[in-house]
Amino acid sequence: MPANLIDSSRHIVLIAHKNPDADSLGAACAFYSYLLRSQKKITLFCVSAEVNPNLAFLPWFDKITDRFPEDADCMISFDCGSYGRIGIEKELPLLNIDHHISNDFYGTYNIINTSAISTTEVVYDYFVANGIKINGKIATALYAGLLDDSKCFSVPECSSKTFAMAQDLIDSGADHPLCSEWLYRRRSLASLRVRGILLKQMKLLVDGRLAVFEVPLAVLEETGATLSECKRVLDEALGMRSVQAAMMVIEHPRGGAKLSLRTDGTVNATNIMMSFGGGGHVKRAGTRLKHEKYNELVENMIVMITKELV
Ligand SMILES: [Mn+2]
């Protein structure tokens, strides 16, 4: 049982995925708040040395470390669809908490709900089921993940349960203005610069139904934009009337490329990405191609997407 694992551990490492988003980090921060009530040592870990500064509003953000503690005896991963997303390998019991449809149950224990909009919803359900009191800090952290993964409550998966959870979190002290300010209004100069460049370079294929962006290293260096700042443009492309799928190929500094695919559901993004070693959700998935000659694979992927669109 997950609760027994937590009870019997003395030093628990809470793990957000590489380049964490508000959902992964929000879920980990909420759990951090909760576990502080125990007599245990808790570490908030993320393998990325730099974390998006827009997420600094999350409670306990200053506690995040990229150093894995040696005396840890238990790990909990949040929003990591595969073991690789954790970014390190450790022989420790692992509780895997997630909502990705491609999650392969890599944990010793797994709490996976693929119909949850966010991992913070999975954590919220766990807290409610176990009678764990949700204070203001926990509520803000959980709400941040819900707001971000639901794209400000705009995805069609939003249900009465989503709004009931939002209401309960706000009643428990979640700071909605703070979350929406930092997740939606504030942007970096780099993200605006990269947006301009990428929209100008966007290619439209298959009668304007597939948008393709290529991001060479030079663009990342010139603008200083992060991967998530680049990928934001995908959602904008998908907002065009004709576009049903939008794909981004981001050159990787260590060779190969990172690929992201967003779709309106016509194309199953996770199926496509799983054929290239990745995964994600039906409408949002990605992979990392390590080969130097990744262009051929990208062409194959475009052919696969095109087949599903026509
Ligand atoms: Mn998520």
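The axes of helix α4 (residues 136-149) and helix α6 (residues 176-185) come within 10 Å and cross at roughly 45°. Axes here are lines fitted to C-alpha atoms, for helices over the stretch in contact, with angles running from 0 to 180 degrees between N-to-C directions. The structure is a predicted model, in which local features need pLDDT of at least 70 and side-chain atom pairs count only at pLDDT 80 or more, while totals for chains, interfaces and linings use all residues. Residues are numbered from 1 along each chain as its sequence is written. Helices (H or I, at least four residues) are DSSP runs numbered from the N terminus.

Helices α4 and α6 are therefore oblique to each other; under 35 degrees counts as roughly parallel, over 145 as roughly antiparallel, 65 to 115 as roughly perpendicular, and the rest as oblique. Thr140, Tyr143, Ala144, Leu147 and Asp148 of α4 make the contact with His176, Leu178, Cys179, Ser180 and Leu183 of α6 (C-beta atoms, placed from the backbone, within 7 Å). Six of these residues are nonpolar, three polar and one charged (nonpolar: Ala, Val, Leu, Ile, Met, Phe, Trp, Tyr, Cys and Pro; charged: Asp, Glu, Lys and Arg; polar: the others, Gly among them).

The axes of α4 and helix α5 (residues 160-171) come within 9 Å and cross at roughly 150°. This pair is therefore roughly antiparallel. On the α4 side the contact involves Ala139, Leu142, Tyr143 and Leu146, which meet Met165, Ala166 and Leu169 in α5. The residues of this contact comprise seven nonpolar, no polar and no charged.

Methods
Helices (H or I, at least four residues) and strands (E, at least two) are DSSP runs, numbered from the N terminus. Two residues are in contact if their C-beta atoms, placed from the backbone, lie within 7 Å.
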